[in-house]
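Biologist: Hi! I'm new to this one, could you walk me through it?

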Amino acid sequence: MALKKLPYRQLRALLTHYLSTDEDAETATLISELRQTRVRGYLTRRDLEKICRWKAVRAIGLIKRNNGARVRTATRRALATKSERRRIEALMTLDGVSVPMASAILTLLQPRRYGVIDIRVWQLLYAMGAVTNKSSGVGLNFNNWYQFLMIIRYFAKKLGVGARDIERSLFSAHQAFQKGTLYRPLRIVDRHATKQGG
């Protein structure tokens, strides 16, 4: 999906214009509910399902494959390490958790330090020249996420806000400049008609 021509030459100018420090009510409630997780040191299966419904409800079937012990073990490992790579890798051992979902987990637990990587923010960073590969924003890996994380933390520090604020601002700017829709509508195929050559 393409973006309209961006009237900004520098990412900082775009971020300053679209900067938002107001979290929507649903997300703020979820962040508040998950505060105890940091004290406890792990997510429950129910916590993970709530996060999935917030980030990408279409993945809930995969997320539900994880039993409580598996969720506790993976998230305890992720939250105990200081290594960003090991943190993401531990979360990705769970069914239904890719880099974007792992980034959503970390964001909801520590919004000052993390933001959600997704197609929109990556496409906007690509259009601004801040990143130089995967223009579609699809198939993002650890290295992409880490580059994104360094960018949003840099601007969070410069602008005196949290990393989630920078990510949310990028997301809003993408919505303002997108052409068309982000996802193609699903095609419904009549299997009976297809079998008959129709």
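Modeller: Happy to, and we can go from the whole chain down to single residues.

Modeller: One thing to keep in mind is that this is a predicted model.

Biologist: Good to know. How many helices and strands are there in the protein chain?

Modeller: The protein chain has twelve helices and zero strands. Along the sequence, the pattern reads α-α-α-α-α-α-α-α-α-α-α-α.

Biologist: And what share of the residues is buried?

Modeller: Of the 198 residues in the protein chain, 44% are buried.

Biologist: What about contacts between residues 24 or more positions apart?

Modeller: If you take the contacts with a separation of 6 or more, 66% are between residues 24 or more positions apart.

Biologist: Let's zoom in. Is helix α9 enclosed or open?

Modeller: Helix α9 covers residues 119-127, and seven of its nine residues are buried, so the helix is largely enclosed by the rest of the structure. The buried ones are Ile119, Arg120, Val121, Trp122, Gln123, Leu124 and Leu125.

Biologist: Which helices do those buried residues pack against?

Modeller: They pack against α1 (11-18), α10 (142-159) and α11 (163-177).

Biologist: How does α9 sit against α11?

Modeller: Their axes are 8 Å apart and the packing angle is about 80°. That makes α9 roughly perpendicular to α11. On the α9 side, Arg120, Val121, Gln123, Leu124 and Leu125 take part, and they meet Glu167, Leu170, Phe171, Ala173, His174 and Gln175 in α11.

Biologist: Which residue caps the N-terminal end of α9?

Modeller: That's Asp118, which has a side-chain oxygen 3.2 Å from the backbone nitrogen of Arg120. Just after α9 there is Gly129, with a positive phi of about 80°.

Biologist: You mentioned Leu170. What else does Leu170 contact?

Modeller: Leaving aside neighbours within four places in sequence, Leu170 is in contact with Leu11, Leu14, Leu15, Val121, Leu124, Leu125 and Ile152.

Biologist: And which residues touch the most other members of the largest nonpolar core?

Modeller: Leu170 is one of them, along with Leu11, Leu14 and Trp145, in a core of 59 residues. As background, nonpolar side chains tend to be buried together in soluble globular proteins.

Biologist: Changing topic: how do helices α7 and α8 cross?

Modeller: Helix α7 (residues 84-91) and helix α8 (residues 99-109) have axes that come within 9 Å and cross at roughly 110°. That makes α7 roughly perpendicular to α8. Arg87, Ile88 and Leu91 in α7 meet Val99, Ala102, Ile105 and Leu106 in α8.

Biologist: Now Trp54, please. Where is Trp54, and is it buried or exposed?

Modeller: Trp54 is in helix α4. Its relative accessible area is 18%, and the cut-off for buried is under 20%, so Trp54 counts as buried.

Biologist: What does Trp54 touch?

Modeller: Not counting residues up to four places away in sequence, Trp54 touches Glu26, Thr27, Leu30, Ala104, Leu108, Val116 and Arg164. Between Trp54 and Leu108 there are 54 residues of sequence separation, and the C-alpha to C-alpha distance is 9.9 Å.

Biologist: Last one: where does Glu49 lie, and is Glu49 buried or exposed?

Modeller: Glu49 lies in helix α4, which covers residues 45-55. Glu49 is buried, with a relative accessible area of 14%. Beyond its neighbours within four places in sequence, Glu49 is in contact with Ile60, Ile63 and Lys64.

Conventions: Residues are numbered from 1 along each chain as its sequence is written. This is a predicted model: local features need pLDDT of at least 70, side-chain atom pairs count only at pLDDT 80 or more; totals for chains, interfaces and linings use all residues. Side-chain values use heavy atoms; hydrogens and water are left out. Helices (H or I, at least four residues) and strands (E, at least two) are DSSP runs, numbered from the N terminus. Buried means under 20% relative accessible area, exposed over 50%, partly exposed in between (1.4 Å probe, protein chains only). Contact means heavy atoms within 4.5 Å. A polar contact is a pair of N or O atoms within 3.5 Å; within protein, one must be able to donate a hydrogen and the other to accept it, and residues adjacent in sequence count only if both atoms are side-chain atoms. A nonpolar core is a set of buried Ala, Val, Leu, Ile, Met, Phe, Trp, Tyr and Cys residues joined through side-chain atoms within 4.5 Å. Axes are lines fitted to C-alpha atoms, for helices over the stretch in contact, and angles run from 0 to 180 degrees between N-to-C directions. Angles under 35 degrees count as roughly parallel, over 145 as roughly antiparallel, 65 to 115 as roughly perpendicular and the rest as oblique.
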